[in-house]
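Student: I'd like to go through this model term by term and see what backs each label. Can we do it as questions and answers?

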Amino acid sequence: MVVFPPTTPAELIALILRVITSHTFITIIIFPGFIHLTLVVIFLTWYERKLLARIQLRIGPLYAGGPGGILQPLADGVKLIFKEVMIPYKASKPLFLGIPLMMVFLSALPFAVIPFGQHWVIANIDVGLVFVFAMTSLFPSMILIFAWASNSKYPFLGGLRSLFQQVAYEIPMWISTLSVVLLAGSLNLVDIVKAQEKMWFIVPAFLSFIVFFIAIMAELERLPFDLPEAEPELVAGWYTEASGAIFMLIFMGLYMKLYLMSSLVTVLFLGGWWGPAFLPQPVWFIIKTLIVATFIIIPRGVYPRIRVDMLIKTGWTRLLIIALANIFLTILLINSGLLAAWGI
Amino acid sequence: MVTLASYLIVSAALLGIGVYGLSVKRNAIRILFAVEVIVNAANLNFAAFTRYMNPPQVSGQIIVFYSIAAAAMEAAVGLALILVAFRLNSTIDVRKLNKLKG
Amino acid sequence: MVSLVIPSDISFVVLTAVTIIGAIIALQAKELIYGAIALAISFIGIAGFFALLDAPYLAMLQIAIYVGAVVVLILFTIMLVRRERGEEMDKRTDAAEGSMGLWLAGLLALAISGVVALAGTSLPTQAPAASLPVSDLGPALTLQYPVPLIILALLLSAALLGALVLAKVER
């Protein structure tokens with residue numbers, strides 16, 4: 001029997017075992033939590049480099065160790081930790097050091113509401129989608145503060161461009177999810193996935209899938225929306241002055257955001273954890289998320305960069321109109337009763 | 001124990017801080033900060049009342065919803081005004097912005 | 001069984017501290033940008049209060065709109081309105097004004113707290129056990145209060161156009 005507070009060593013061990021095997025501990029620390037996120041983010045960095053290499057007819061990282069160079073991210077991490085952290089002249093130290101930590105924290109926080117399986121969600125709150133929306137809307141402000149705190153021209157310009165781009169594409173991103181909310185009837189991510197049991201929402205909400213996909217590629221600053229880190233123009237954009245451990249934190253934050261957006265696409269459009277029963281539910285979720293991540297990474301090796309005024313114009317005018325029109329189409333579709341056979 | 005009165009006192013304290021900032025500060029942007037603090041104090045007040053009423057009413061949350069939207073709009077227009085004032089007078093000290101011309 | 005639930009009293013005290021200290025730093029910090037960040041932290045504190053008051057949708061909306069949009073606007077304006085880094089536009093206010101402001105604010109806060117204290121037992125001390133589900137907000141917005149919704153939409157368009165026209169650079 002577990003007694004709190006424990007008085008003998010045996011009771012202490014029983015208490016520790018009880019805490020470690022409790023569902024809360026496992027979800028927060030191990031499965032859709034801390035350890036899983038770190039491992040997947042490290043895997044994604046290797047995966048991206050290998051994938052881009054194959055598209056560009058190269059081989060990619062090979063010599064760091066293990067089959068196919070899988071220990072390359074470990075080597076990268078060790079190198080970055082040992083590099084000197086240079087803080088620019090008259091830069092604001094607390095902001096410079098604190099904001100990357102906040103970025104990693106904010107990228108990891110929405111995972112608390114994303115369901116990896118029917119019982120594998122850390123916090124099943126009724127407003128899960130709006131929670132993810134609120135957390136991702138904090139990114140542009142942090143990028144602006146970090147770019148300003150670097151006290152130097154190129155990061156500041158890159159930060160402004162990044163701010164414009166991310167703010168412009170946030171709105172089509174979240175308006176296009178409204179169709180999904182209409183189809184599912186709830187803002188709770190677990191309910192949204194449960195409503196996709198018979199048919200994935202990519203079928204009735206195909207247009208909003210396209211808009212959401214383009215918008216998250218712009219949010220993640222991936223090519224072809226790569227302007228904030230356009231190498232010939234801005235060195236490395238808003239994180240030019242970040243070196244060493246700071247860069248590693250920002251890098252991890254970016255890849256965690258990639259994983260977050262891919263898992264959002266899976267939850268909202270690709271049916272979450274549903275799949276034939278020969279594999280457990282979380283495995284289906286991760287497979288689908290990795291496929292989406294692949295499709296986000298591939299354009300990086302294929303497309304050229306888009307000019308900044310075309311980029312922002314597309315975000316504010318064309319994507320927004322398509323997203324709004326799609327809400328009306330979805331309402332028509334639901335009310336016409338065509339989807340009644342699939343439970344919508 | 002947390003009662004309705006504790007929320008109201010926190011809201012009153014925030015109101016006091018906002019009024020201090022509104023009446024003493026000279027920088028126009030700080031005055032905007034103070035206005036936002038006051039609006040948030042009022043929102044907190046509404047939200048606290050709507051929770052502690054019996055039976056719970058939804059109109060309190062609707063009021064807060066509108067208040068958040070209206071305050072965001074007001075901040076946007078206010079900041080645009082500050083930008084224009086800076087462009088014309090090169091200062092945002094409200095003591096110096098006291099001529100109607102320009 | 002170990003209980004991992006933090007009692008709501010501790011969260012109330014922590015949130016009060018965060019909100020009030022954030023508001024004070026926002027008005028007193030020498031650099032405007034630090035003030036804006038402190039204001040953002042204060043807004044997050046208020047969002048925490050909304051979450052504590054069983055209004056999670058409002059809490060998320062507060063973070064998304066205030067911290068995600070208004071603070072960005074403020075930061076952007078601060079960066080456009082400065083001459084060079086490090087110049088303070090807010091010199092020390094003289095003691096007479098400062099103390100007058102403190103008296104005014106202090107008396108106002110005390111007056112309201114006095115009213116609250118006088119109301120005493122007529123204020124409820126326990127929140128009713130049932131709280132509103134989030135799905136109640138939608139019907140209330142569109143069916144019970146449609147006119148304010150339309151007015152809000154018109155007001156938003158007017159504000160958007162107004163801000164665009166004001167900030168346009170004359171060529």
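**What the labels rest on**

Tutor: Let's start with burial: 30% of the 171 residues in chain C count as buried. Keep in mind that this is a predicted model, where local features need pLDDT of at least 70 and side-chain atom pairs count only at pLDDT 80 or more, while totals for chains, interfaces and linings use all residues. Residues are numbered from 1 along each chain as its sequence is written, and chains are lettered from A and ligands numbered from 1 in the order in which they are written.

Student: What makes a residue "buried"?

Tutor: A residue is buried if 20 or more other C-beta atoms lie within 10 Å of its own, exposed if 12 or fewer, and partly exposed in between, with C-beta atoms placed from the backbone. By that count, 53% of the 102 residues in chain B are buried.

Student: How many helices and strands does chain C have, and what counts as one?

Tutor: Helices (H or I, at least four residues) and strands (E, at least two) are DSSP runs, numbered from the N terminus. Chain C has six helices and zero strands, so its pattern along the sequence is α-α-α-α-α-α. Chain B comes to three helices and zero strands, with the order α-α-α from the N terminus on.

Student: Why is chain B called more spread out than a compact globule?

Tutor: Its radius of gyration is 17 Å, well over the 13 Å that the globule rule gives for 102 residues, so chain B is more spread out than a compact globule. The radius is taken over C-alpha atoms, and the rule is 2.2 Å times the number of residues to the power 0.38. For the dimensions, the C-alpha atoms of chain B fill a box of roughly 55 × 25 × 15 Å along the principal axes.

Student: What makes two residues "in contact"?

Tutor: Their C-beta atoms, placed from the backbone, lie within 7 Å. Take the contacts in chain B between residues at least 6 apart in sequence: 48% of them join residues at least 24 apart. For chain C that share is 46%.

Student: Which chains share the most contacts?

Tutor: Of the two pairs of chains in contact, it's chains B and C. There, 71 residues of chain C are in contact with 61 residues of chain B. The elements of chain C that give two or more residues to that side include α1 (8-28), α2 (32-52) and α3 (56-80). By class, the side of chain C that touches chain B has 51 nonpolar, 15 polar and five charged residues.

Student: How are those classes defined?

Tutor: Ala, Val, Leu, Ile, Met, Phe, Trp, Tyr, Cys and Pro count as nonpolar, Asp, Glu, Lys and Arg as charged, and the others, Gly among them, as polar.

Student: Where does chain A come in, and how far is it from chain B?

Tutor: Chain A and chain B do not touch; their nearest C-alpha atoms are 14 Å apart. With chain C, though, 21 residues of chain A are in contact with 18 residues of chain C. Two elements of chain C, α2 and α3, each give two or more residues to that side, and the largest share, eleven residues, comes from α3(C). The side of chain C that touches chain A divides into 16 nonpolar, one polar and one charged.

Student: How confident is the predictor about chain A?

Tutor: The pLDDT, its confidence in each residue from 0 to 100, averages 85 in chain A, and 94% of the residues score at least 70. Confidence in chain A is lowest in helix α11 (residues 231-234), at a mean of 56, and highest in helix α6 (residues 128-136), at 93.

Student: Why is α3(A) called roughly perpendicular to α12(A)?

Tutor: The axes of α3 (residues 34-55) and α12 (residues 245-269) of chain A come within 9 Å and cross at roughly 100°. That makes α3(A) roughly perpendicular to α12(A), because 65 to 115 degrees counts as roughly perpendicular, under 35 as roughly parallel, over 145 as roughly antiparallel and the rest as oblique. Axes are lines fitted to C-alpha atoms, for helices over the stretch in contact, and angles run from 0 to 180 degrees between N-to-C directions.

Student: What makes α8(A) and α14(A) roughly parallel?

Tutor: The axes of α8 (residues 153-184) and α14 (residues 308-335) of chain A come within 9 Å and cross at roughly 10°. The two helices α8(A) and α14(A) are therefore roughly parallel to each other. Their contact divides into 20 nonpolar, six polar and one charged.
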